[in-house]
Amino acid sequence: MSHPDAPFLPYGRQNISAEDVSAVVEVLQGDWLTQGPSVSAFEAALATRTGAAHVIACSNATTGLHLAALALDLGPGQAAIVPSVTFLSTANAVRMTGAEVVFCDVDPDTGLARAQDIEQAFRAGSSAGLDVRAAFPVHLAGQPTEAGDAARALGLKVVEDAAHAIGTMRQRGNDLVPIGCTESDGMAVFSFHPVKTLATGEGGAVSTNDPHIAARLRSLRSHGMTREPSGFRLRERAFDNDTPNPWYYEMHELGFNYRITDMQCALGLSQMARLDSFIASRQAAVARYDTGLAPLAPLVKPFGRSPSGRSVSWHLYVALIDFESLGVSRAKVMAELRAAGIGTQVHYIPVHTQPYYVGRYGAQHLPGAEEYYKRCLSLPLYHGLTEADTDRVVQALTDIVQRAGG
């Protein structure tokens, strides 16, 4: 059981400073609560950090994924490849365009899609008569996947689900480049949910190097509307003697209200100043977990590492636990850890097993995803987690293994 004075350790939490609060209060006392200068300032800071030419901030990562899918013109009769180990939104964003999802398998030790997984899914989708146009590789837990390279080699458009990976660097030849420095007309989508490395409450962003895609994303984010005179089509309504009418706007396609507020962006901009310290503290906690869990192998071990991950901005720390050999169910382990004041979570239930997708595509067997899922357990990881905290988690797991006779 937990010590009565020991704080509860959730699997994730935000870290809000006095400077963060002041930044939000300043916006509240100003003239712009939404669609104001804090949004563009946050986008500019993200562009600098990711190396992308354009960043479009939005209400959350799900809306960002939907915007990206729309910007690729995905729709009925088309399909996109999505790894099964991800949150629901990666697949759902594809379906929200009317396109179909082709689920791909993952490495059973990392949860990341591999080149062979993308290739196999492409063949399977094509054999089923689907027009596979895109892939949405997922940087699970903050680790980079190179599945996008395999997708590009097949001629697919790529949207990187980087919801976990703000600040992650990956190996590209002899260079380290940030996630979000996308290639050609690709996109990357980030999340700023409170349990992520950088928080805006809710919030997301899409990065791209393509100016035409960026303009489309901005329009789709705000009802499909444009106020850019060069794009106006109804000139007799738009201009007065070649001068744009100051009230005028046009809607060229159906869009959405996926905007983010200045309050959220002020918080995000303030948090950006501490992003490196957030990343460093998470990396230190991951290293402590790796060392502490090593004696528990093979019953408990850290999940595998991405070969291209050189400076990972960790969102999750996943332990792979052989519950079957341990003789204790995952639910029981989670309950015992909670009784010790330790929160855990499962990331994720493979999406191809969800009733909606089984109903649409039938039962599928993706052995890597299923093997990863049956062993994964996310342990507490956030800025401010101390060495004593990680030691406490490791000791609690050690006690569970010892009680089970492991």
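**Pockets and cores, a quick chat**

Me: What's the volume of the second largest pocket?

Reply: About 440 Å³. This is a predicted model, with local features needing pLDDT of at least 70 and side-chain atom pairs pLDDT 80 or more, while totals for chains, interfaces and linings use all residues. Numbering runs from 1 along each chain as its sequence is written, and side-chain values use heavy atoms, without hydrogens and water.

Me: What counts as a pocket?

Reply: On a 1 Å grid over the protein atoms alone, it's an open set of points where a 1.4 Å probe fits, with protein on both sides within 12 Å along at least five of seven lines; lining residues have an atom within 4 Å of a point. Volume is the space filled by probe spheres set on the points, which are joined across faces, edges and corners.

Me: Which residues lie nearest the centre of the second largest pocket?

Reply: Phe87, Ser191, His193, Lys196 and Tyr348, out of 24 lining residues.

Me: And the largest pocket, what's its volume?

Reply: About 680 Å³. Closest to its centre are Arg218, Ser219, Arg221, Ser222 and Met225.

Me: New topic: which residues touch the most other members in the largest nonpolar core?

Reply: Phe136, Met187, Leu293, Val333 and Leu379, among 80 residues. Such a core is a set of buried (under 20% relative accessible area, 1.4 Å probe, protein chains only) Ala, Val, Leu, Ile, Met, Phe, Trp, Tyr and Cys residues joined through side-chain atoms within 4.5 Å.

Me: What does Val333 touch?

Reply: Leaving out residues up to four places away in sequence, Phe323, Leu326, Val328, Leu377, Leu397 and Ile400, where contact means heavy atoms within 4.5 Å.

Methods:
Buried means under 20% relative accessible area, exposed over 50%, partly exposed in between (1.4 Å probe, protein chains only).
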